[in-house]
Amino acid sequence: MNTDKLAAIIENLKASFDGKPWYGMPVMEKLDQIPWEIVNEETYGTKTIAVLVQHIINWRMFVIRKLEGDVEFNIVIDGENDWDQVTIATSEEWNSLKQQLQQTQATLIQKLSEETDDLLTLKVPGKAYVFGPILVSIAQHDIYHLGQIAMLNSMHQS
């Protein structure tokens, strides 16, 4: 069984999360530079840094639950489970949120490492699409929101 495509997805996830991505700073390095005191600021709308991190976690949990075969679990875009309100009150809570994100990364990489390229053509449980496109887009989703997080952090520093 060929695992070249899935291996590339895994490597992309690793690079963008805590490796050396082509575009610059990976997710965890950027988050580790952000002081917890600013993660609740509504500098640009209601999507705070904390809310954006929780949103990234939510979609990673969606993928993990689907990899586990959960037919019922769902996230509705801009609806249920998509944009949870999160308020961080201490540095410990900020570290806990980041640890939750790191746990989703570890779980996701572990589950994908047990699979082959065949997974990419399997139907996502409870959905009308296959795993391939969603697995490719996880890192893209993270990077998109990392850009927002970096912008919010920069706006605070200005």
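**Entry 1: helix 3 against helix 5**

I noted that helix 3 and helix 5 are roughly antiparallel to each other, a label that applies to angles over 145 degrees. I looked up the geometry behind this: the axes, which are lines fitted to C-alpha atoms over the stretch in contact, with angles from 0 to 180 degrees between N-to-C directions, come within 9 Å and cross at roughly 170 degrees. For the contact, meaning heavy atoms within 4.5 Å, I listed residues on both sides, including Ile56, Trp59 and Val63 of helix 3 and Ile134, Ile138 and His145 of helix 5. By class I found 14 nonpolar, 5 polar and 3 charged residues in this contact, where Asp, Glu, Lys and Arg count as charged, Ala, Val, Leu, Ile, Met, Phe, Trp, Tyr, Cys and Pro as nonpolar, and the others, Gly among them, as polar. Helices here are DSSP runs of H or I with at least four residues, numbered from the N terminus.

I recorded that this is a predicted model, in which local features need pLDDT of at least 70 and side-chain atom pairs count only at pLDDT 80 or more, whereas totals for chains, interfaces and linings use all residues. Residues are numbered from 1 along each chain as its sequence is written, and side-chain values use heavy atoms, with hydrogens and water left out.

Not counting residues up to four places away in sequence, Val63 touches Leu108, Ile134, Leu135 and Ile138.

**Entry 2: Gln105**

I placed Gln105 in helix 4 (residues 91–113) and found it buried at a relative accessible area of 6%, buried being under 20% and exposed over 50% with a 1.4 Å probe and protein chains only. A polar atom of the Gln105 side chain lies 3.3 Å from the backbone oxygen of Leu13.

**Entry 3: two loop residues**

I found Asp78 in the loop between helix 3 and helix 4, exposed at 63% relative accessibility, with a positive phi of about 60 degrees although it is not a glycine. Most residues other than glycine have a negative phi.

I placed Lys123 in the loop between helix 4 and helix 5, where it is exposed with a relative accessible area of 53%.

Technical notes:
Polar contact = N/O pair within 3.5 Å; in protein donor to acceptor, adjacent residues only side chain to side chain. Parallel < 35°, antiparallel > 145°, perpendicular 65-115°, else oblique.
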